[in-house]
Every structure is written in structure tokens, then in C-alpha cells.
Amino acid sequence: MIAAVKAETQEARAEAMEQSLAGLELLEESLAKLSKGRGFVGGDAMAYLDIALGCYLGWMKACETVIGHRFLDEEKTPLLVGWAERFCSHEAVKDWMPETDELLELAKVLQPKRKVSTAN
């Protein structure tokens, strides 16, 4: 997803989007197998894998804002869409999920630092 944001051409962005969507479709299939129709990866309760994956949701929303395209789609990844909504609204998470605007501001601060570290 970050590759789609950093892409310098429309072709590069399209390729990065295609790769991201292919990965999300694999996650959709895995969620279907692992959750067995329940709300979270391991079943009815949030567990380690939910938290590990859920940590990316804020950044995913920030990337969506930058490129103007949604990664999670009701038609292509309905299970992930539902899972993301349950995850973000869960009592253990909802007060800790960063706002998209906060992440975009953080990205602005980190971007120049990342360029310097990769140049060295």
C-alpha cells in the first residue's frame, strides 16, 4: 500500500494497487478459513493475530486518503471489511486507534527522515 502512495507514475501506482489487492484477497481467504464464520481471526474473541493485523488499519486508511482509493471493498473483501469494523469498534481498541489525520501528519514528519536514512 505504501508503494501505491510513493508511486511516481500512474502505471507504478496501478501495479502497486494490484499487488496490494491480491494480498488482501489472500487475507480474505485466510480469514474465511481461520475464523470459520466468527467475528475474529481465531473465533469469537479478539486474539494476537487480530491485533497484529489490526495495527495496519490506521495506516491503510491514511494511504487510502492519499491516493483516493479504498483497499478494503465490500464486494472483493467483505469479510475483511466486517472484521476491520469489529476490530476498530472493539472496547480494547477504539480509544487507541489513531485518527487518519494524525497519521498523515506523522508521515509528513517521518518522510524527510526516511529519505536521509536511505541516502546514508
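Among contacts in the protein chain between residues at least 6 apart in sequence, what percentage join residues at least 24 apart? The share is 65%, where contact means heavy atoms within 4.5 Å.

This is a predicted model, in which local features need pLDDT of at least 70 and side-chain atom pairs count only at pLDDT 80 or more, while totals for chains, interfaces and linings use all residues. Residues are numbered from 1 along each chain as its sequence is written, and side-chain values use heavy atoms, with hydrogens and water left out. The pLDDT, the predictor's confidence in each residue from 0 to 100, averages 91 over the protein chain; its mean is lowest in helix H6 (residues 100–119), at 76, and highest in helix H5 (residues 78–89), at 96.

The protein chain has six helices and zero strands, these being DSSP runs (helices H or I, at least four residues; strands E, at least two) numbered from the N terminus. Buried residues, those under 20% relative accessible area with a 1.4 Å probe and protein chains only, make up 32% of the 120 residues.

Leucine 72, leaving aside residues up to four places away in sequence, touches partners including Leu24, Leu57, Met60 and Val81. Leu57 and Met60 are also among the buried residues of H4, and just after that helix glycine 68 takes a positive phi of about 70°.

Methods
Buried < 20%, exposed > 50% of the residue type's maximum accessible area, 1.4 Å probe, protein only.
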